[in-house]
Amino acid sequence: MDDLLKDFIIECNEFITAVDQDMVAIEKRPDDKEGLNRIFRAVHSIKGACGVFGLHRLEAVAHAGEDVLSRMRDGSLVIAPVTVGSVLRAIDVIKEILAGIEATQKEPQGDDSAMLAQLRELVAIADGGRAPAAAAAASVNVPAETAPAAAGKHGPALADQSLRVTVEILDRLMNQVGELVLTRNQLSQLALGDEGSRYGASIQSLGRITSELQEAVMKTRMQPIGNSWAKLPRLVRDAAAATGKNVELTMVGSDTEIDRQILQELQDPLTHCVRNAIDHGIEKPDARASAGKPEQGRLQLSARQEGGQIIVEVRDDGAGVNFEAVRSKAVERGLVSDSDAQRLGEPELIDLLFAPGFSTAAKVTELSGRGVGMDVVRSNVQKLGGSVELTSQRGRGSTLRIRIPLTLAIVPALVVGFSGQAFAIPQVAVTELVRVSEQNAHLVEDVHGARVLRLRGDLLPLVELGEVLGLSAERKSAGEGFFVVVTQVGESQIGLIVHSVFDTQEIVVKPVGKLVRGVGAYVGTTILGDGRVIMILDAAGIAQRSGALAQLDASMRKRREAEAAQSVHRSSTKLTQLLLFRAGNGAPKAIPLAHVARLEEFASSKIEQADGRALVQYRGSLLPLVRAGEEIADGACQVIVSSDGERSMGLWVGKILDIVETELRLESGARGAGILGGAVVDGRATEVVDTRHYLDLAFGEGALPGEATRELRRVA
Amino acid sequence: MQAQEYITFHVGGQLLGIPVREVREVLPEQPVATVPLAPHSVAGLLNLRGQIVTAIDVRRRLGLPASDGTAGPMNIVVGEDGELFSLLVDSVGDVLGVDPAGFAPPPANLDAPWKKCCGGVYPLGRGILVVMSVAALVAVEDGAC
């Protein structure tokens, strides 16, 4: 059954049960105004929702019942067995219809004309001021006692299977599970140094049960994303009508489940994006016809889960972004100078769409122009730990892609220290961790007091966490050693300088109180395994406070320009970025950077053996590890995490060396399984490894050469 | 008329009180995690059996100098608007029942931070009980941060 209809039935059954009780009570105590109000509201609610589902019979009965109840409420109809009886009969019919819908998903047929006539008669009596008792005796034949027969026959089966639980209880449960997770973590930590302890097995099963419990509780907070889409068809219809457009909305993946809190927060941005697509994206029918497109524009809303993220897309087949219009608008708004605007490429122009106070519509319309721009959409999504990207093809349409985490409540985070105080940074915001010590101190440079880090040819602005937070103005020199947490802020990156890095942990995000919320540097707070309270940093807020973003945008723009200039060159020679690593004693090997999801280092104690395979706990699940060479020694291991969207594995390598850009030559598999092709790096032939092969190894499937070649084409 | 009950506490030598029914619990000194950049009156956050509690340094809130006493502050945990707060005070006294008839508005010459937080006073046999408004003590200060 349609979920919405199901919810509706459950809700109605609850109303009706309450009404039954109230109605009976009222007969005994006619002065119970509150009870009468409750009944009236319940019947009114049922009537109100009928229209949405096209339940005409139910609507008619509820409507007639409501009319009578409203007369009883305002006193024009006395509350007597006769009147109460006829309302009860109407309620019985409502019950019957509901049971029918529940059983067959269709409104059952039936003749209610006699009962409806009776109810209308009562209304007429009340409105005409006649004495109801006399009239009832004369013309209305009401059974003295109406047995609630229907109630017994058709029990509300659906209601028995689902419970309504207040969000408060769920949140408390979530909280407690969070505490349990922390205690489990703490216990595992204690057990680490104590191999073969007699508590080992118990701790392990405690760990497993805790994870399962956590998952189950998280599930209770999950709702199908379709719940928040219910209003969109109407919105699309109205928006299309208001703009004289013809739009067909399709929704895919509405059963994708997502944390209810995220669902709520996502509602406004999504509504705005849909409005935007109709208002700015899809053209008027005549314009579409002359462009050779069907008159009806298509708008597709889709949701799917990918790893720990939900991807929501709003795709239209409209005109696409008019980059010239964006350019002139940006100049008009004073966002960029005329000469700069001409040099901006499409990625920068799309970035400008997300700039505060930007609107590409020729005039601010009633639909989109409500002072909420795409900048608000982006910042709202970022607050949820997500990201927004827009791709557009002129004349073909645009796709807006929102990525958001599945849940906000428990997130993996990096715990870092600064001046003796610990902070957590959500992993989603962390792209990389760089250790600065005497050996690589030369990479940190100073530009008029602003520190930057040379990172693979880029200048990464460094932000002193202690300075931003007002902890200390004393800077550690690069020689003294510190860590740089490379953080993604929107489209830009900054490096946060911290003194120590402790651990990555699953932390339970707790909201900060109103007094701390205004600070703008934290997304929440959490309690560590040892009971300490630490703050969870908001990378975007920190960047904003430090003022690094302004400098950042300028440097990013320059880099993009350089890239754009290079891209011409690149497309002719097809350069591929390769990650170089040492697998064993032989020559370095390489892996296409596009195949690398992340680089990690695990302590040997973290690696578990199961079924002859190496596994490691990683971001809440088990990551299989595959050795890239025979000779790789046990011990602390460097791992290249690679994923094909569904499966992830860690390629266990000897040492990660460098990233180079070179030409990749494809080979037809003559060199054996696991080799994509070759490349010349520093004048030496280097084997380029096929991650697909290792994924198959990790998951125990045979290598599929055909698949591998296909994958290869995509990369190359 | 029923007597009003207040839990009494001392801050900077002054006898203060808040209605007993607003108090969740009273705790000895707790470890407080400081929150950089938080408003001045926020001493930090503390962990109360897994719940995050915002600790308000009542001395700072009322513009008093930091305590020179060796004893750590006591915590009076209160709930306000769905959030938990802990009022850090010098010491906690008895619960005092007072006759509502004795209630008087705060003296007109109180200084600004006190005026904001003071709901009224009860002249006692010895001294004056200053009734504080919990809502005002934990309110977001104007111009804070």
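The model scores ipTM 0.88 and pTM 0.48. For chain B the mean pLDDT is 87, with 94% of its residues at 70 or more. For chain A the mean is 76, and 82% of its residues reach 70 or more. Among the elements of chain A, strand β18 (residues 533-537) has the highest mean pLDDT, 92, while helix α23 (residues 705-715) has the lowest, 38. Where pLDDT is low, the predicted coordinates should not be read in detail.

Now turn to the place where the two chains meet. Chain A gives 20 residues to the contact and chain B gives 16. On the side of chain B that touches chain A, the elements giving two or more residues are β4 (42-48) and β5 (51-57) of chain B. The largest share of that side, four residues, comes from β4(B). Sorted by class, the side of chain B that touches chain A has 12 nonpolar residues, three polar ones and one charged one.

Take helix α12 (residues 260-281) and helix α17 (residues 374-383) of chain A: their axes are 9 Å apart and they pack at an angle of about 150°. An angle over 145 degrees counts as roughly antiparallel, and α12(A) and α17(A) are therefore roughly antiparallel to each other. The crossing of α12(A) past α17(A) is left-handed. To find the contact, look for E265(A), D268(A), P269(A), H272(A) and C273(A) on α12(A), and for V377(A), N380(A) and V381(A) on α17(A). By class, the residues of this contact of α12(A) with α17(A) are four nonpolar, two polar and two charged.

The second pair is helix α14 (residues 323-332) and helix α16 (residues 346-353) of chain A, which pack at an angle of about 60° with axes 10 Å apart. α14(A) and α16(A) are therefore oblique to each other. Here too the crossing is left-handed, with α14(A) passing α16(A). From α14(A) come F323(A), V326(A), R327(A) and A330(A), which meet E346(A), L349(A), L352(A) and L353(A) in α16(A). The contact of α14(A) with α16(A) has six nonpolar residues, no polar ones and two charged ones.

Next come the strands. Strands of a sheet pair through backbone hydrogen bonds, either parallel or antiparallel. In chain A, strand β7 (residues 397-405) pairs with strand β5 (residues 309-316) in the antiparallel sense over eight bridges. Within that pairing, T399(A) in β7(A) is the bridge partner of R315(A). β7(A) is also joined by seven bridges to strand β6 (residues 387-393) of chain A, again running antiparallel. There, S392(A) stands opposite S398(A). β6(A) and β7(A) form a hairpin with three residues between the strands, and G395(A) takes a positive phi near 80°.

E445(A) has V452(A) of β12(A) as its bridge partner. Two residues lie between β11(A) and β12(A), and H448(A) in the turn has a positive phi of about 50°.

Further along chain A, six strands form an open sheet of mixed pairing, in the order β21-β25-β26-β24-β23-β22. β21 (596-602) and β22 (607-610) of chain A stand at the edges, each with a single partner strand, so one side of each has no neighbour in the sheet. From one strand to the next the twist averages 35°. Inside this order, β25 (residues 637-643) and β26 (residues 648-653) of chain A run antiparallel and share six bridges. V641(A) faces G650(A) in β26(A). Finally, helix α22 (residues 691-698) of chain A lies across β24 (621-627), β25 and β26, running at about 105° to β26(A).

Notes
Residues numbered from 1 in each chain as written. Chains lettered and ligands numbered in written order. Predicted model: local features only at pLDDT ≥ 70, side-chain atom pairs only at ≥ 80, totals over all residues. Axes fitted to C-alpha atoms, helices over the stretch in contact; angles between N-to-C directions. Parallel < 35°, antiparallel > 145°, perpendicular 65-115°, else oblique. Left-handed = near helix turned anticlockwise from the far one by under 90°. Contact = placed C-beta atoms within 7 Å. Nonpolar A, V, L, I, M, F, W, Y, C, P; charged D, E, K, R; others polar. Pairing = 2+ DSSP bridges. pLDDT = per-residue confidence, 0-100.
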